[in-house]
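Dear colleague,

I am handing over the structure that we talked about, and I would be glad if you could look through it before you read my notes.

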Amino acid sequence: MNMSRIVRTVADISFPFILIYGFYIVVHGHLTPGGGFQGGAVIATGIVLLVAAHGHEAVARQITGNLLKNAETFGLLLFIITALIAILLGQGFFTNWLANTGMLFGTPVAFGPGPGDLNTAGVIPIMNIAVGIEVLGALSIILYYMLSGAQEAR
Amino acid sequence: MIEVIAHTCIIAGLIISAAMIVRFRDLISAAIAFGVFSFLLSLEFYILQAPDVAIAEAGIGAGLTTAIFIIAIRAVGRDEEVEE
């Protein structure tokens with residue numbers, strides 16, 4: 001299943017822009033509309049575009065199913081470990097232990113309206129990134145299994 | 001005023017595309033009409049000031065669901081069987 005050269009070229013050109021837009025939505029999850037789920041869905045849509053243009057086998061050679069499974073597991077582990085570290089520090093489960101500490105994502109929020117600072121909000125950006133990685137892997141692996149089932153049926 | 005006009009156009013497009021999904025015998029055409037329906041629905045969410053839901057609807061509804069429908073249609077055949 002190969003599309004024409006026009007479709008393949010347009011998919012190759014627009015794939016990096018879709019990828020960058022998805023990562024933008026994930027990373028800016030605590031400032032603008034969107035978040036981990038929406039950004040991961042946008043990135044998975046980019047992978048769907050590649051699969052539709054080049055065929056399943058050509059894409060699965062570069063982005064293997066094992067890689068996507070590992071991405072899903074890594075996202076879930078990052079999410080739950082970030083929540084569990086708060087217990088080790090003597091606070092409650094899911095406590096925002098990074099906010100206002102001056103470390104990563106720890107800048108105190110300036111008072112009043114403003115454009116928003118990316119380096120704020122504590123563990124919320126980390127959990128957004130974890131959910132983004134997890135949704136990207138999960139939605140793509142659903143599509144891969146749909147494709148393998150469709151090939152068996154033929 | 002412009003919001004009322006945009007609202008009317010989008011809702012009319014939603015009703016028309018939903019009727020097309022039901023009426024089409026060609027399943028690929030019905031899947032594409034479903035993608036148009038999802039896109040108009042995400043525009044409607046954006047006008048109703050829910051940009052979060054609009055991004056999710058555009059990504060899942062117009063992108064992934066249409067692709068999964070088209071994969072399934074290519075496996076089972078393109079034409080709907082008419083039962084009399």
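In what order do the elements of chain B run from the N terminus on? They run α-α-α, and chain B has three helices and zero strands, where helices (H or I, at least four residues) and strands (E, at least two) are DSSP runs, numbered from the N terminus.

Please keep in mind that this is a predicted model, in which local features need pLDDT of at least 70 and side-chain atom pairs count only at pLDDT 80 or more, while totals for chains, interfaces and linings use all residues. Residues are numbered from 1 along each chain as its sequence is written, and chains are lettered from A and ligands numbered from 1 in the order in which they are written. For chain B the average pLDDT (the predictor's confidence in each residue, from 0 to 100) is 86, and 94% of the residues score at least 70. For the complex, the predictor gives an ipTM of 0.75 and a pTM of 0.81.

**Chain B**

The C-alpha trace of chain B spans about 45 × 25 × 15 Å along its principal axes. Of its 84 residues, 25% count as buried, meaning that 20 or more other C-beta atoms, placed from the backbone, lie within 10 Å of a residue's own.

Helix H1 of chain B (residues 2-23) has 22 residues, which at 1.5 Å a residue should span 32 Å, and its end C-alpha atoms, 31 Å apart, agree with this; the expected span is 1.5 Å times one less than the number of residues. The number of buried residues in H1(B) is zero, so this helix lies largely in the open.

Helix H2 (residues 27-47) and helix H3 (residues 51-76) of chain B pack at an angle of about 175°, with their axes 8 Å apart; axes are lines fitted to C-alpha atoms, for helices over the stretch in contact, and angles run from 0 to 180 degrees between N-to-C directions. H2(B) is therefore roughly antiparallel to H3(B), a term for angles over 145 degrees.

**Where the chains meet**

The contact takes 18 residues from chain A and 14 residues from chain B. On the side of chain A that touches chain B, helix H2 (36-54) and helix H5 (123-153) of chain A each give two or more residues, and H2(A) gives the most, with eight residues.

With best wishes

Note on methods
Two residues are in contact if their C-beta atoms, placed from the backbone, lie within 7 Å. A residue is buried if 20 or more other C-beta atoms lie within 10 Å of its own, exposed if 12 or fewer, and partly exposed in between; C-beta atoms are placed from the backbone. Angles under 35 degrees count as roughly parallel, over 145 as roughly antiparallel, 65 to 115 as roughly perpendicular and the rest as oblique.
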